[in-house]
Amino acid sequence: MRLRPAAMADAASLADSLTRSRAYMQPWEPVRPDAFYTEKGQQERLAGLLADHEAGRGVPWVLADADDRATGGFTLTNIVLGPFRSASLGYWVDVDHAGRGLATAAVAQVCAAARDVLRLHRVEASTLLGNAASQRVLAKSGFEGIGMAPRYLHINGQWRDHRLFQRILHDGPVEGPVDRPSAG
């Protein structure tokens with residue numbers, strides 16, 4: 001498995017992986033229309049993610065298997081530069097690959113890119129209160145809990161409380177672009 005930049009060509013394998021993982025991820029995800037799980041639905045989602053990347057607002061990656069098929073997704077979104085230099089992390093791994101340490105390894109790579117390429121100061125993430133597996137990924141990846149947000153996100157049909165985490169990437173001076181990130 002390797003982490004690489006997401007591309008429009010990933011739509012079919014993302015649709016397959018998300019369809020296979022749909023029931024597994026349902027407790028942790030927003031309610032999605034059936035169209036989301038199709039190749040066309042993933043093309044539309046990827047188009048948005050890649051547009052955000054082009055505009056400097058986000059960076060999407062996929063976890064690719066030996067055949068270069070996407071089996072997970074990792075994104076930095078809401079990138080803010082200036083004195084904040086922060087982004088939000090989201091991720092998922094195919095049900096057939098969960099529990100093998102792949103998410104932890106990929107999150108470490110995303111954080112390294114956030115620090116070394118984007119020159120961010122911190123990355124934040126959130127999990128549902130009961131999502132112990134995701135909380136372990138974050139803890140192993142150097143994130144620390146910073147609080148709880150009541151009714152933070154609409155997940156699985158309800159507004160749900162979330163634990164908030166952050167990882168400070170460095171405490172050095174602001175380096176790199178002041179207003180617009182660039183990453184591969």
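Predicted model: local features only at pLDDT ≥ 70, side-chain atom pairs only at ≥ 80, totals over all residues.

Residues are numbered from 1 along each chain as its sequence is written, and side-chain values use heavy atoms, with hydrogens and water left out.

Q: Why is Arg4 called buried?
A: Buried means under 20% relative accessible area, exposed over 50%, and partly exposed in between (1.4 Å probe, protein chains only). Arg4 has 11% relative accessibility, so Arg4 counts as buried.

Q: What makes the link between the side chains of Arg4 and Asp10 a polar contact?
A: A polar contact is a pair of N or O atoms within 3.5 Å; within protein, one must be able to donate a hydrogen and the other to accept it, and residues adjacent in sequence count only if both atoms are side-chain atoms. The side chains of Arg4 and Asp10 are joined at 2.5 Å, and this is a polar contact.

Q: Which residues does Arg4 touch, not counting those up to four places away in sequence?
A: Contact means heavy atoms within 4.5 Å. Under that count, Arg4 touches Asp10, Trp61, Val62, Ala64 and Asp68.

Q: How are the residues that line the largest cavity divided?
A: Ala, Val, Leu, Ile, Met, Phe, Trp, Tyr, Cys and Pro count as nonpolar, Asp, Glu, Lys and Arg as charged, and the others, Gly among them, as polar. The lining of the largest cavity has 4 nonpolar, 3 polar and 1 charged.
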